[in-house]
2 protein chains.
Amino acid sequence: MEILLRLQPVGYVETDYSDEEVSEAWPHGVEGRIVIYPRFSEGIIGLDGFSHIIVVAWLHKIPEETRMTIKVKFKRLIRLGLSIEDVPEVGVFCSDSPHRPNPIALSILRLKRIDGNVLHVSGLDLYNGTPVLDLRAYTPSYSIEGYVLPGWYTELLEKLRKMRVDWDKL
Amino acid sequence: MEILLRLQPVGYVETDYSDEEVSEAWPHGVEGRIVIYPRFSEGIIGLDGFSHIIVVAWLHKIPEETRMTIKVKFKRLIRLGLSIEDVPEVGVFCSDSPHRPNPIALSILRLKRIDGNVLHVSGLDLYNGTPVLDLRAYTPSYSIEGYVLPGWYTELLEKLRKMRVDWDKL
């Protein structure tokens, strides 16, 4: 069952890096900009001073057929040095894979500075031109104290730690 | 400029509380369930053991006219005891107000247990029947260390603290 939703992009991603460079920059991301359309520019009043923002974006370049992905491997961890056997197959909802039923990104970006309606960010993992659907300041509501992870996840983190990978997330 | 996006709800919110009761339960939320449609049920493999999930939901009951909201007051804080003068007006992107250009919710819920394709949750701030567009495990990627808040925000938190409100978020 599908629904058609009428959405109004509030802005878009701008970066000087190519899609390939953005992909290869994982997990650290690239520098770039979130450009807010003038009619929504008052929406960022008060945003200055937050160190991080959450960007909700529509991954418009994700191929249609990958929207049927239900189980995933953390393939990006193989790039960090793990073997394919070390990486379990889990449900797509345990992962941030862009290949998912609705290709919506939740990207937490570092907000470096604001020039008018342009937010300068780093840690960007979105391609140039990606439509931005929503934006949130990263507030204490998003920082959950004492959250718990399952065994399979902490074991993967432990493997990365032993490999001295400069990354403590999956 | 609007775009039509074809989305497939992966499930929906179920709660025995009325919409009014859910609204009044802020900030602590109510108990409820996220029911995953059978065709997506393998997507939750591996989710057991995460203490929290992020639910991306389409706020289908938000009136059309509130989608033009660009500046907001944290009205909910008035309910906690702050005066209207104490609450600044800021851009909608600094807030989690459901009245926003695209009424998409990002709700972090406590995952209590999983029965088949039903996720039992608490901290629910979504109405019964709300379509769920996406679901993520709350992983270290979402927990930003050393994030910074602007002065106006920390001043509000300080005011709440002085009022001994049992809530450290806006």
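Here are some worked exercises on the two-chain model shown above.

Before you start: this is a predicted model, where local features need pLDDT of at least 70, side-chain atom pairs count only at pLDDT 80 or more, and totals for chains, interfaces and linings use all residues. Residues are numbered from 1 along each chain as its sequence is written, while chains are lettered from A and ligands numbered from 1 in the order in which they are written.

**Exercise 1. The two copies**

Task: Work out how chain A can be laid on chain B.

Solution:
- Step 1. Start with the general idea: two copies of a chain are related by a rotation about an axis and a shift along it.
- Step 2. Here a turn of 180° and a shift of 0.0 Å along the axis put chain A on chain B with an RMSD of 0.0 Å. The two copies are therefore related as by a two-fold rotation axis.
- Step 3. A note on method: the superposition is by least squares on the C-alpha atoms of residues with pLDDT of at least 70 in both copies.

**Exercise 2. Where the chains meet**

Task: Describe the contact between chain A and chain B.

Solution:
- Step 1. Get the rule clear: two residues are in contact if their C-beta atoms, placed from the backbone, lie within 7 Å.
- Step 2. Chain A puts 60 residues into the contact, and chain B puts in 61 residues.
- Step 3. Next, look for the elements of chain A that give two or more residues to the side touching chain B; among them are strand 1 (3–7), strand 4 (52–58), strand 7 (104–115) and helix 3 (151–162). Helices (H or I, at least four residues) and strands (E, at least two) are DSSP runs, numbered from the N terminus.
- Step 4. Sort that side of chain A by class, and you get 37 nonpolar, twelve polar and eleven charged residues. For this sorting, Ala, Val, Leu, Ile, Met, Phe, Trp, Tyr, Cys and Pro count as nonpolar, Asp, Glu, Lys and Arg as charged, and the others, Gly among them, as polar.
- Step 5. The copies meet through the same surface, because 100% of the interface residues of chain A are also interface residues in chain B.
- Step 6. Zoom in on strand 1 of chain A, which runs antiparallel to strand 1 of chain B and is joined to it by five bridges. Leu7(A) has Ile3(B) as its bridge partner there.

**Exercise 3. The barrel of chain A**

Task: Trace the barrel of chain A and its strand pairs.

Solution:
- Step 1. Recall that strands of a sheet pair through backbone hydrogen bonds, either parallel or antiparallel. In this model, two strands pair if DSSP finds at least two bridges between them.
- Step 2. Six strands of chain A form a closed barrel in the order 2-3-8-7-4-9, with antiparallel pairing.
- Step 3. Begin with strand 2 (residues 11–14) and strand 3 (residues 30–36) of chain A, an antiparallel pair with four bridges. Gly11(A) is partnered by Ile36(A).
- Step 4. Move on to strand 7 and strand 8 (residues 118–124) of chain A, with five bridges. Arg113(A) has His120(A) as its bridge partner in strand 8. The hairpin of these strands has two residues between them, and Gly116(A) takes a positive phi near 60° there.
- Step 5. Now for strand 4 of chain A: seven bridges pair it with strand 7, and five bridges join it to strand 9. Val56(A) stands opposite Leu106(A) in strand 7, while Ala57(A) stands opposite Val132(A) in strand 9.

**Exercise 4. Buried or exposed?**

Task: Compare strand 4 and helix 3 of chain A, then check Arg113(B).

Solution:
- Step 1. Use the cut-offs: a residue is buried if 20 or more other C-beta atoms (placed from the backbone) lie within 10 Å of its own, exposed if 12 or fewer, and partly exposed in between.
- Step 2. Strand 4 of chain A is mostly covered, with six of its seven residues buried.
- Step 3. Helix 3 of chain A is hardly covered: one of its twelve residues is buried. Just after this helix, Arg164(A) takes a positive phi of about 55°.
- Step 4. Over in chain B, Arg113(B) lies in strand 7. Arg113(B) counts as exposed because it has 9 C-beta neighbours inside 10 Å.
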